[in-house]
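Welcome, and thanks for taking a look at this one. Please have the sequence and the coordinates open side by side while you read the briefing below.

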Amino acid sequence: MRSLRFILSVTALTFIAHVANAATTVVLKNAKNESIGTAKLTALTNGVKIDLDLKNVPAGEHAFHFHETGSCQAPTFDSAGGHFAPAKNPHGFDAAQGPHAGDMPNLMVPADGKLRQEIINTQVTLGKGANSLHKAGGTALVIHDKADDYKSQPSGNAGGRWACGEIKGE
Ligand SMILES: [Cu+2]
Ligand SMILES: [Zn+2]
């Protein structure tokens with residue numbers, strides 16, 4: 001009876017771990033450490049779906065990437081490192097051998113500063129492997145001051161890092 005209870009609890013823990021891996025919510029913060037909304041990450045068979053729900057973002061076009069370290073130290077967010085690029089290839093959708101796994105289309109923020117947007121990145125995973133967003137040390141979601149030109153090295157000439165959200169490693 002005691003061993004049965006043990007088996008049941010191990011099964012429950014494994015189930016919880018699996019569920020935790022299937023979805024995670026990232027809180028994005030600006031340089032003043034204020035929340036500017038969330039990005040809910042959901043595992044898909046062919047990538048990761050990002051449900052953005054943002055507010056108080058400057059209107060206009062902003063680069064949006066996964067960066068290589070799960071650390072967001074305001075105000076510069078330099079601690080997030082470069083773009084998440086496990087293949088160590090060039091940056092950009094308009095570069096030969098690009099894009100980085102963490103490269104994504106620019107966000108287009110309307111005048112009211114609110115953005116609800118669903119984005120799918122087919123080059124990353126919440127599961128195991130080199131392209132996992134939960135790799136050792138984690139990864140980060142970054143919104144930049146300016147647009148990504150999709151070709152300048154190493155990061156699309158997107159200017160400073162306006163907001164950042166940490167994704168924990170495993
Ligand atoms: Cu970036
Ligand atoms: Zn890149």
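Helices and strands are taken here as DSSP runs, a helix (H or I) needing at least four residues and a strand (E) at least two, with numbering from the N terminus. On that basis the protein chain of this predicted model has one helix and eight strands. Along the sequence these elements follow the pattern α-β-β-β-β-β-β-β-β.

**Overall picture**

- The protein chain has 170 residues, and 35% of them count as buried.
- Among contacts in the protein chain with a separation of 6 or more, 58% are between residues 24 or more positions apart.

- Eight strands form an open sheet with antiparallel pairing, and their order is 5-4-7-8-1-2-3-6.
- Which strands stand at the edges? They are strand 5 and strand 6 (115-121); each has a single partner strand, so one side of each is left without a neighbour in the sheet.
- From one strand to the next, the twist averages 20°.

**Strand 1 and its two partners**

- Strand 1 covers residues 23-30, and strand 2 covers residues 35-44.
- These two strands run antiparallel and are joined by seven bridges.

**Strand 8 and strand 7**

- Strand 7 spans 139-144 and strand 8 spans 161-167.
- Six bridges pair strand 7 with strand 8 in the antiparallel sense.
- Within this pairing, Leu 141 has Gly 165 of strand 8 as its bridge partner.

**Cis peptide bonds**

- Where are the cis peptide bonds to look at? One runs from Ala 74 to Pro 75, with omega near 5°.
- Pro 75 has its place in the loop between strand 4 (60-67) and strand 5 (103-109).
- Another cis peptide bond leads from Gln 153 to Pro 154, and its omega is near 0°.
- Pro 154 sits in the loop that links strand 7 and strand 8.

- Asn 33 is not a glycine, yet its phi is positive, near 70°.
- The loop between strand 1 and strand 2 holds Asn 33.
- Is Asn 33 buried or exposed? It counts as exposed, because it has 10 C-beta neighbours inside 10 Å.
- Lys 88 is another residue other than glycine with a positive phi, about 50° in this case.
- You will find Lys 88 in the loop between strand 4 and strand 5, where Pro 75 also has its place.
- Lys 88 has 6 C-beta neighbours inside 10 Å and therefore counts as exposed.

Conventions
Residues are numbered from 1 along each chain as its sequence is written. Chains are lettered from A and ligands numbered from 1 in the order in which they are written. This is a predicted model: local features need pLDDT of at least 70, side-chain atom pairs count only at pLDDT 80 or more; totals for chains, interfaces and linings use all residues. A residue is buried if 20 or more other C-beta atoms lie within 10 Å of its own, exposed if 12 or fewer, and partly exposed in between; C-beta atoms are placed from the backbone. Two residues are in contact if their C-beta atoms, placed from the backbone, lie within 7 Å. Two strands pair if DSSP finds at least two bridges between them. Axes are lines fitted to C-alpha atoms, for helices over the stretch in contact, and angles run from 0 to 180 degrees between N-to-C directions.
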